[in-house]
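Welcome! Here is a short tour of a protein model, taken one region at a time. Keep the 3D view open as you read.

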Amino acid sequence: MNLHITVLGAGYSGLVAAKLTARRTGARVTLVNASDRFVERVRLHQLAAGERLRDLPLAGLLDGTGVELVVDRVEEIDAAARSVRLAGTARPVDYDLLVYALGSRADLDSVPGAAEHAYTVADPEQAARLRERVGDGGTVAVVGGGLTGIEAAAELAEAYPGLKVKLVTAGALGEALSQRAQGHLRRVFDRLGVEVRENARVTEVRADGVVLDGGHHIGADTVVWTTGFRVPDLARQAGFAVDDHGRMIVDEALRSVSHPEVYGIGDAAAVRRATGQVLRMACATGIPAAQQAARAIADRLAGRSPRPLRFRYLNQCVSLGRRDGLIQFVHADDNPREAVLTGRPAALYKEAIVRGTIVAMRHPSIPASA
């Protein structure tokens, strides 16, 4: 078969999609990624806290699959020519089918001073810089009360007992979680000495801390920015249909609603359930979406009508340092149940889930019920 499938991005979604489409279609598959390493993004708060992460070369994860790896940064997608222009390669990469899986990055542009003064745990380089910064102690302000901010604050406080950790959130701590879950979070933060400032919207980041709406200043030697993510603007620039956040709009089989030769998965795609709910950015969403996209591509190439994405959430897994955790069990639409798992069992549960994602990267499969 001469069909050429190009996958952009080798995160949790892109890597699975590339391997499964190569296996199920027999097409020539090219995977383009800016780095030659797979990044365990869900562990980057651990990297910031001084833990050494596994080295996962993409070449090793792709060994024996027939997928061609191109290590380069995507500069432009020419939808009319069906080609992708790269930063360091003169010749563009063409495609018959394109899988768009370029992920997301921390949004450092929405508040003045964040780009200049804040650190993130959204990529390994930033997480490593943060590790070097906080190792000497002082005060760190983690901005953002979502799961990323909660995990970062707990991890830093546990790993560096001499570090004063403050968490600043525009809402309530863990407001999307159940009452039992919120209670556990507060007990853990009290034990770790994390100071929580709720209902505090940050309007400026400075070298010496953050400024809140109303002018109050919270002093900090280091600011960690965990609130908000942005997707690349490449889909919009290429003329693909996108939502207000720049995420590719896809149908129930994850195909672009404007360009049928393009599929969108992961953080950079707005995947909707039949109810209209947009699935949240998470590897818990991205991996099933990649499996669905691979199935849909294989079905269409075989002359079959692909089945729509069938998906439900089960839980939200939160690490609270290495010895504690929180598993928030949820309804199918991701709203919290009262049921939770906490403490050491939750930490072990979360670790098993994270390890399981690497198993999925090495040996991806499509569940029979997908």
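Let us begin with a helix. In α10, the buried residues are G343, A346, A347, K350, E351, V354, T357, I358 and M361. These residues span an arc of only 140° around the axis, which places them on the same side of α10. The background is simple: an α-helix has 3.6 residues a turn, so residues three or four places apart point the same way. Please bear in mind that this is a predicted model. Helix α10 itself covers residues 343-362, 20 residues in all. From its first C-alpha to its last α10 reaches 30 Å, close to the 28 Å expected at 1.5 Å a residue.

| Strand pair | Sense | Bridges | Partners |
|---|---|---|---|
| β21 (residues 315-319) and β22 (residues 325-330) | antiparallel | 5 bridges | C317 and I327 |
| β10 (residues 138-143) and β16 (residues 222-225) | parallel | 4 bridges | A141 and V223 |

Is strand β21 mostly covered or mostly open? The strand is mostly covered, with 5 of its 5 residues buried. Both of its faces are covered: N315, C317 and S319 are buried on one side, and Q316 and V318 are buried on the other. Together with β22, strand β21 forms a hairpin that has 5 residues between the two strands. In the turn of that hairpin, G321 has a positive phi of about 85°.

A hairpin is also made by β4 and β5, with 4 residues between the strands. In this hairpin R82 takes a positive phi near 55°.

The parallel pair in the table belongs to an open sheet of 5 strands, in the order β9-β16-β10-β11-β12 with parallel pairing. Which strands stand at its edges? They are β9 (118-119) and β12 (195-197), and each has a single partner strand, so one side of each is left without a neighbour in the sheet.

E68 is partly exposed, with a relative accessible area of 41%. R43 is 25 residues away from E68 along the chain, and the C-alpha atoms of the two are separated by 27 Å.

Finally, let us turn to the empty spaces. Rolling a probe the size of a water molecule over the atoms shows where empty space is left. How many cavities of 30 Å³ or more does the structure hold? There is 1 of them. The largest cavity has a volume of about 40 Å³. Its lining is made up of R247, G266, D267, A269, V271, L279, R280, M281, A282, T285 and G286. By class, the lining of the largest cavity has 5 nonpolar, 3 polar and 3 charged residues.

The second largest pocket has a volume of about 240 Å³. This pocket is lined by 14 residues, and those nearest its centre are F229, R230, V231, H245 and G246. In the lining of the second largest pocket, 6 residues are nonpolar, 2 are polar and 6 are charged.

Terms used
Residues numbered from 1 in each chain as written. Predicted model: local features only at pLDDT ≥ 70, side-chain atom pairs only at ≥ 80, totals over all residues. Heavy atoms only, no water. 1 Å grid on protein atoms, 1.4 Å probe; cavity = no way out; pocket = protein on both sides within 12 Å on 5 of 7 lines; lining within 4 Å. Points joined across faces, edges and corners; volume = space filled by probe spheres on them. Nonpolar A, V, L, I, M, F, W, Y, C, P; charged D, E, K, R; others polar. Expected span 1.5 Å × (residues − 1). Buried < 20%, exposed > 50% of the residue type's maximum accessible area, 1.4 Å probe, protein only. Arc of directions from axis to C-beta. Pairing = 2+ DSSP bridges.
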